[in-house]
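Please prepare a briefing on helix packing, ligand surroundings and backbone geometry for the structure below.

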Amino acid sequence: MLLIGMFDSPFVRRVAITMRLLELPFEHANWSVGRDFARIREYNPLGRVPTLVTDGGERLMESAAILDYLDELVGPGRALLPRSGRERREALNLMALATGAAEKGVLQLYERAFRPEDKRHPPWVDRCRLQMSSALAAIDRYLGERGVSQWLVGKQMTQADITVVCAFTFLDDALRVASDHVMFESLSMLAARCESLPAFQDTRERFAPPSA
Ligand SMILES: N[C@@H](CCC(=O)N[C@@H](CS)C(=O)NCC(=O)O)C(=O)O
């Protein structure tokens, strides 16, 4: 399989970590959405990453759709998203908060990377930052109440942990979300626990702003 996109994207990284954990080998096209826009568009008309080319030649777009395919590939016994019931709903909710926060972070970064300074709109950036921080705070509270030595859902690591940690690490690298005012203590502890694992370490890439 071919995974297109850089690991400084939390959406690409959650797919890469999942493939490592599920022992699914892949080639990595380390292409930037700025510099390699034309090349990426040959595989995905949106010009977005991640895009996955399967061994059968299918092109999958959108990280959620790719993760769904990977879970299906390994079967219900090894799938990383709980199959049903309350655990599945909780995992999906936490992942929606985390990917939503990451999207709000990306919007703030693109405001700087792609928009000329005199065309930027600070109230819009402030709104994105508030939405991002509020979503992270909700996850942090949830984990604090559950117990910081626990996984987010159930008794083992799930896709909720992978996605939340990818979003949090990215936002902390790129936008310094954990400041003196808001530490996100529980989230930081979960991130430290996950980031020490080989699948996370092998895919750790600090955010570099895209340039066209
Ligand atoms: N919802 C998408 C978000 C992916 C996304 O925002 N990717 C960014 C990189 S972090 C991208 O491709 N940006 C280029 C663009 O949208 O023009 C997913 O989960 O795959």
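The crossing of α1 and α6 is right-handed, a crossing being right-handed if the near helix is turned clockwise from the far one by less than a right angle and left-handed if anticlockwise. This is a predicted model, in which local features need pLDDT of at least 70 and side-chain atom pairs count only at pLDDT 80 or more, while totals for chains, interfaces and linings use all residues. Residues are numbered from 1 along each chain as its sequence is written, and side-chain values use heavy atoms, with hydrogens and water left out.

**Packing of α1 with α6**
- Helix α1 (residues 10-21) packs against helix α6 (residues 159-175) at an angle of about 140°, with the axes 9 Å apart; axes are lines fitted to C-alpha atoms over the stretch in contact, and angles run from 0 to 180 degrees between N-to-C directions.
- The two helices, α1 and α6, are therefore oblique to each other, given that angles under 35 degrees count as roughly parallel, over 145 as roughly antiparallel, 65 to 115 as roughly perpendicular and the rest as oblique.
- In α1, Pro10, Arg13, Arg14, Ile17, Thr18 and Leu21 meet residues of α6 that include Ile162, Cys166 and Phe170, where contact means heavy atoms within 4.5 Å.

**Packing of α4 with α6**
- Helix α4 (residues 85-114) and α6 pack at an angle of about 20°, and their axes are 9 Å apart.
- That angle makes α4 roughly parallel to α6.
- The crossing in which α4 passes α6 is left-handed.
- Among the residues that make this contact are Leu94, Met95 and Leu109 of α4 and Val164, Phe170 and Leu171 of α6.

**Ligand surroundings**
- Around the ligand are Ser9, Phe11, Val33, Arg48, Val49, Pro50, Glu62, Ser63, Glu103 and Tyr110, each with a heavy atom within 4 Å of it.
- For Arg48, a polar side-chain atom lies 3.1 Å from an oxygen atom of the ligand.

**Backbone geometry**
- Most residues other than glycine have a negative phi, and most peptide bonds are trans.
- The peptide bond from Val49 to Pro50 is cis, with omega near 5°, and Pro50 is found in the loop between α2 (37-41) and β3 (51-53).
- Glu23, in the loop between α1 and β2 (27-29), has a positive phi, near 55°.
- Helices (H or I, at least four residues) and strands (E, at least two) are DSSP runs, numbered from the N terminus.

Note on methods: Polar contact = N/O pair within 3.5 Å; in protein donor to acceptor, adjacent residues only side chain to side chain.
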